[in-house]
Amino acid sequence: MKQTIKIKDAQNMMTGLQAINKHFPVKMNYAIVRNLKNLAVECKTAEEQRNKIIQDNVLKDEKGNAVTKDGSYEFKDSETQARVIKEINDIGEVDIEIEVMMLPMSILEQCDSDSFDSVSSRDMEALEFMIEDTHWQHHYFYL
């Protein structure tokens with residue numbers, strides 16, 4: 001299923017999925033790996049664009065290497081630095097369309113057995129965009 005998301009959200013999704021290291025059903029693990037690969041492609045493209053913006057604007061030494069001070073890039077003036085920061089932040093706001101392999105809730109429910117690791121709240125948060133049986137998300141629960 002195609003989903004439209006912002007690049008910054010793709011990066012957060014990728015980070016969440018990368019943190020999962022559990023024994024889940026094969027279909028679930030496959031979906032995680034496949035979605036990680038799709039997210040990684042978009043995140044790599046965004047990172048390449050960020051690096052290009054920096055390399056095109058950073059001060060360089062006589063050997064052509066980027067000049068840094070205290071771990072930060074140096075720019076010719078504060079206006080250039082502000083523009084670079086804005087352009088880099090704008091990349092995160094770009095909408096992308098990504099193919100997501102969806103999982104039925106029934107696959108996640110298999111993790112309630114002794115055969116697999118259980119799904120933690122953090123795992124569920126990372127997996128949420130992949131779950132297709134989300135009719136329960138559209139209801140309000142009152143405690």
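# A buried isoleucine and its surroundings

Ile131 is buried in this predicted model, with a relative accessible area of 4%. This residue is found in the segment after H5, and the protein around it is built from five helices and four strands.

**Overall form**

- Taken along the principal axes, the C-alpha atoms fill a box of roughly 60 × 30 × 30 Å.
- Of the 143 residues in the protein, 33% are buried.
- The accessible surface comes to about 9,700 Å², and carbon and sulfur atoms account for 50% of that area.
- When contacts between residues at least 6 apart in sequence are considered, 73% of them join residues that are at least 24 apart.

**The nonpolar core**

- In soluble globular proteins, nonpolar side chains tend to be buried together.
- In this protein, the largest nonpolar core has 37 residues, and those with the most contacts inside it are Leu17, Met28, Ile32, Leu39, Leu127 and Met130.
- The elements that give two or more residues to this core are helix H1 (7–18), H2, helix H3 (78–92), strand E4 (95–99), helix H4 (105–109) and helix H5 (121–127).
- Among these elements, H2 gives the most to the core, with nine residues.
- Leu39, one of the residues with the most contacts inside the core, touches Ile5, Ala10, Met13, Met14, Leu17, Ile98 and Phe129, when residues up to four places away in sequence are not counted.

**Around Ile131**

- Leaving out residues up to four places away in sequence, Ile131 touches Met102, Leu103, Met105, Leu108 and Met124.
- Ile131 and Ser106 are 25 residues apart in sequence, and their C-alpha atoms are 9.7 Å apart in space.

- Apart from its neighbours within four places in sequence, Asn35 is in contact with Leu17, Glu99, Val100, Met101, Phe129 and Met130.
- Two of these partners, Leu17 and Phe129, are in contact with Asn35 and are also touched by Leu39.

**Cysteines**

- Cys43 counts as buried because its relative accessibility is 7%, which is under the cut-off of 20%.
- Cys111 also counts as buried, with a relative accessibility of 2%.
- The count of disulfides in the model comes to zero, where a disulfide would need a pair of cysteine sulfur atoms within 2.5 Å.

**An exposed aspartate in a loop**

- Asp70 has its place in the loop between strand E2 (68–69) and strand E3 (72–73).
- Asp70 counts as exposed because its relative accessible area is 78%, which is over the cut-off of 50%.
- Most residues other than glycine have a negative phi.
- Asp70, although it is not a glycine, has a positive phi of about 55°.

Note on methods:
Residues numbered from 1 in each chain as written. Predicted model: local features only at pLDDT ≥ 70, side-chain atom pairs only at ≥ 80, totals over all residues. Heavy atoms only, no water. Contact = heavy atoms within 4.5 Å. Buried < 20%, exposed > 50% of the residue type's maximum accessible area, 1.4 Å probe, protein only. Core = buried A, V, L, I, M, F, W, Y, C linked by side-chain atoms within 4.5 Å. Areas by Shrake-Rupley, 256 points an atom, 1.4 Å probe, with all protein chains shown as cover.
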